[in-house]
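Please look over the two chains below before reading on.

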Amino acid sequence: MNGADALDLQLLIRRVARRDRTAFAALYRRTAPQLFAVAVRILQQQADAEDVLQECFVAVWNQAKTYDAQKGAVMTWLISILRNRAIDRRRRRAHAPDWLGSEDELETLLAGSGDDADRGAARAELLACLDELEERPRRAILLAYAYGYTHEELAQQLSAPMGTIKSWIRRALERLKRCLE
Amino acid sequence: MKYDDPRLRELLAGEYVLGVMPPLVKARFERLMAGDAALTREVAAWADRFSPLDTTAEAVAPPSHVWRAIEQRIGAPLATRARSNAIDSILGSLGFWRGVAAASAMLAAALLVFVLLRPAEPPEAAVLAVLTDSSGTPAFIATRGQHSDQIDVAPIRTQTLAAQRSFELWAIAGGAPKPLGLVPPAIGKRLQVPASQLGSGDVVLAISLEPENGSPRAEPTGPVLFQGKVLGTLR
């Protein structure tokens, strides 16, 4: 998404805040495919992802007036609403789905192609900083963010005690923040 | 926990965005954030830092019924279309006939799913029609056993349906649509219809979105969400 697109989304969300249904439909067309992909990745299941996408847009319709451009890009705001719900939904399941991805899949997650210069630069920077982390803490961060893993699931997947996982994550967060500044 | 330590606040905001907080801790953090603009900014900053990872999930268009459900939930009025419009748009659209082709292609897959999910069905149950949504994804299946004059119409997977709404099945054979009853949205349930009700010739089955107890009129009043041509002959 480039700068002009981001500005477009800002205009759309302001119209949605004024109950403009046409703008809401346009916002959906523009952003739903990306949001849906993020929901499917976390939930690993189509029907749940559809439900969560639906909840997300109903929330967007009701909360559009609380969006504040100072707090970040529209797409980031939408993703936050969606991920919050997707992760809650994943936690409520009796059994979390097994992640069926291969070890390599995390690497392809990192290698995803940038569709434009703006995004590409931010991604390259994040990837470079993730690269500086040690192997298992880096995987913990990626599994948590992209796939919604809990501390327990991370402990199992990465064969480390919970306490270790927690401190890996905290140290990784600190290092990422410093690296990205 | 001391929430005024800047380092801790930053870490908690990061953990919140990662999604690793247990539910109770998360709820407490959200209460705290509601009255703390600086903490909200920390969270937004972390969301922004991680956002490049979002686009690594390859965008995929959600099925069209998701948007329909959203429209219902935000109180959009049900689209009231004249019957002729609804029917003409089904039969006349190139997209529909493409849909029929796609449905045929997906028939084997749908049938397999059906057989796996409905072991109680006699093995000779014949698939009469696969009803797809506007993207061509199979959603409902109509079957008939060889020795039964009943037709079963059942969802292939559970469909989202808002409160006080229903799915109504119609048979369209040339002229006026004939209402066949309400189709349950949940998998494992079905609508049974006497085969004779379907009519003859080229028959299309369509499911429209209606008020709770079905269309108040002798024709669909809501949008047609799913449709499929009856394959083969009924006689």
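The paragraphs below take the chains one by one and then together.

This is a predicted model, in which local features need pLDDT of at least 70 and side-chain atom pairs count only at pLDDT 80 or more, while totals for chains, interfaces and linings use all residues. Residues are numbered from 1 along each chain as its sequence is written, chains are lettered from A and ligands numbered from 1 in the order in which they are written.

Chain A has nine helices and zero strands. Helices (H or I, at least four residues) and strands (E, at least two) are DSSP runs, numbered from the N terminus. Of the 181 residues in chain A, 35% are buried. A residue is buried if 20 or more other C-beta atoms lie within 10 Å of its own, exposed if 12 or fewer, and partly exposed in between, with C-beta atoms placed from the backbone. Two residues are in contact if these backbone-placed C-beta atoms lie within 7 Å. Taking contacts in chain A between residues at least 6 apart in sequence, 61% join residues at least 24 apart.

Chain B holds six helices and eight strands. Its elements, read from the N terminus, run α-α-α-α-α-α-β-β-β-β-β-β-β-β. Buried residues account for 40% of the 235 residues of chain B. For contacts in chain B between residues at least 6 apart in sequence, the share that joins residues at least 24 apart is 63%.

Where the chains meet, 38 residues of chain B are in contact with 45 residues of chain A. On the side of chain B that touches chain A, helix 1 (6-18), helix 3 (37-50) and helix 4 (64-73) of chain B each supply at least two residues. Helix 3 of chain B gives the most to that side, with seven residues. By class, the side of chain B that touches chain A has 21 nonpolar, eight polar and nine charged residues. Here Ala, Val, Leu, Ile, Met, Phe, Trp, Tyr, Cys and Pro count as nonpolar, Asp, Glu, Lys and Arg as charged, and the others, Gly among them, as polar.

One residue that touches both chains is A:Tyr28, in helix 2 (residues 21-43) of chain A. A:Tyr28 is buried because 22 other C-beta atoms lie within 10 Å. Not counting residues up to four places away in sequence, A:Tyr28 touches A:Phe57 and B:Trp67. A:Tyr28 and A:Phe57 are 29 residues apart along the chain, and their C-alpha atoms are separated by 7.8 Å.

Helix 1 of chain B has buried residues B:Leu12, B:Ala13, B:Gly14, B:Glu15, B:Tyr16, B:Val17 and B:Leu18. What covers them includes helix 7 and helix 9 (162-180) of chain A, together with helix 2 (23-34) and helix 3 of chain B. Just after helix 1 of chain B, B:Gly19 takes a positive phi of about 95°.

Helix 7 of chain A, one of those covering elements, has ten of its 13 residues buried, so it is largely enclosed by the rest of the structure. Among these buried residues are A:Arg139, A:Leu142 and A:Tyr145. Just after helix 7 of chain A, A:Gly148 takes a positive phi of about 70°.

The largest nonpolar core has 66 residues, and those with the most contacts inside it are A:Leu35, A:Ala39 and A:Leu53. A nonpolar core is a set of buried Ala, Val, Leu, Ile, Met, Phe, Trp, Tyr and Cys residues joined through C-beta atoms within 7 Å. Helix 2 of chain A gives the most to this core, with eleven residues. Leaving aside neighbours within four places in sequence, A:Ala39 is in contact with A:Ala49, A:Val52, A:Leu53, A:Leu82 and A:Ala86. Apart from this core lies another, of 33 residues, among them B:Ala129, B:Ile151, B:Trp170 and B:Ile207.

Strand 4 (residues 165-172) of chain B has seven of its eight residues buried, so it is largely enclosed by the rest of the structure. Strand 4 of chain B pairs with strand 7 (residues 204-211) of chain B in the antiparallel sense over eight bridges. Two strands pair if DSSP finds at least two bridges between them. Six bridges join strand 4 of chain B to strand 5 (residues 177-183) of chain B, and these also run antiparallel. B:Glu168 has B:Ser208 as its bridge partner in strand 7 of chain B and stands opposite B:Leu182 in strand 5 of chain B. In the hairpin of strands 4 and 5 of chain B, with four residues between the strands, B:Gly174 takes a positive phi near 80°.
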